[in-house]
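Please view the sequence and the structure together before reading on.

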Amino acid sequence: MLARLLTFLMILALPLHAQEVEADDPLAEFLWTARPVIVFADTPEDPRFLRQMEEFATAERDLEERSLVLIVDTEGNEALRERFRPRGFLMVLVDTDGTVEYRTRLPITMRELVRRVDNMTSREIELRAERAARRDALEALRRAE
């Protein structure tokens, strides 16, 4: 199962290679659309890396709801490594505006990651907009009846 998860995660990171050629910022394609979560490790066998990947394995819904894009680098992506300068295991959470919101050298639980994302100003704005859209849709339905 872990092998399938790692294969899936590596596929998620593939668009990054094409994007590196197009811009100086390796995360430019995610600006204003997604929150990259970059997980670095010197090797896919790093116990911290494996533990973090296990956390992500059960969190597809949480990742999707919060526009989180998981990027895995165990092979030395130059552009990413130059920007974040990891030494061994590192996980970085980047907001939609490109700012680094959180860095850790230890694996964290999905509960902790979700809490951190939900406390971001950009996420609070998204939630308010979603609530307003639902409220407007309900109003429109009531008027139509």
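The buried residues of helix α6 are covered by elements that include β1 (35-40), α3 (47-57), α4 (60-65), β2 (68-73), β3 (90-94) and α7 (121-144). Helices (H or I, at least four residues) and strands (E, at least two) are DSSP runs, numbered from the N terminus. The model is predicted: local features need pLDDT of at least 70 and side-chain atom pairs pLDDT 80 or more, while totals for chains, interfaces and linings use all residues. Residues are numbered from 1 along each chain as its sequence is written, and side-chain values use heavy atoms, without hydrogens and water.

The table lists the buried residues (under 20% relative accessible area; exposed is over 50%, partly exposed in between; 1.4 Å probe, protein chains only).

| Helix | Buried residues |
|---|---|
| α6 (residues 110-118) | Met-110, Leu-113, Val-114, Val-117 |
| α3 | Phe-49, Gln-52, Met-53, Phe-56 |

The buried residues of α3 line one face of the helix, because they fall within an arc of 100° seen down its axis. The arc is that of the directions from the helix axis to the C-beta atoms. On the face of α3 turned away from this buried side are the exposed residues Pro-47 and Arg-51. At the start of α3, a side-chain oxygen of Asp-46 comes to within 2.7 Å of the backbone nitrogen of Arg-48.

Helix α7 contains Ser-122, which is buried at a relative accessible area of 16%. Beyond its neighbours within four places in sequence, Ser-122 is in contact (heavy atoms within 4.5 Å) with Arg-35, Asp-95 and Thr-96.

Technical notes: A polar contact is a pair of N or O atoms within 3.5 Å; within protein, one must be able to donate a hydrogen and the other to accept it, and residues adjacent in sequence count only if both atoms are side-chain atoms.
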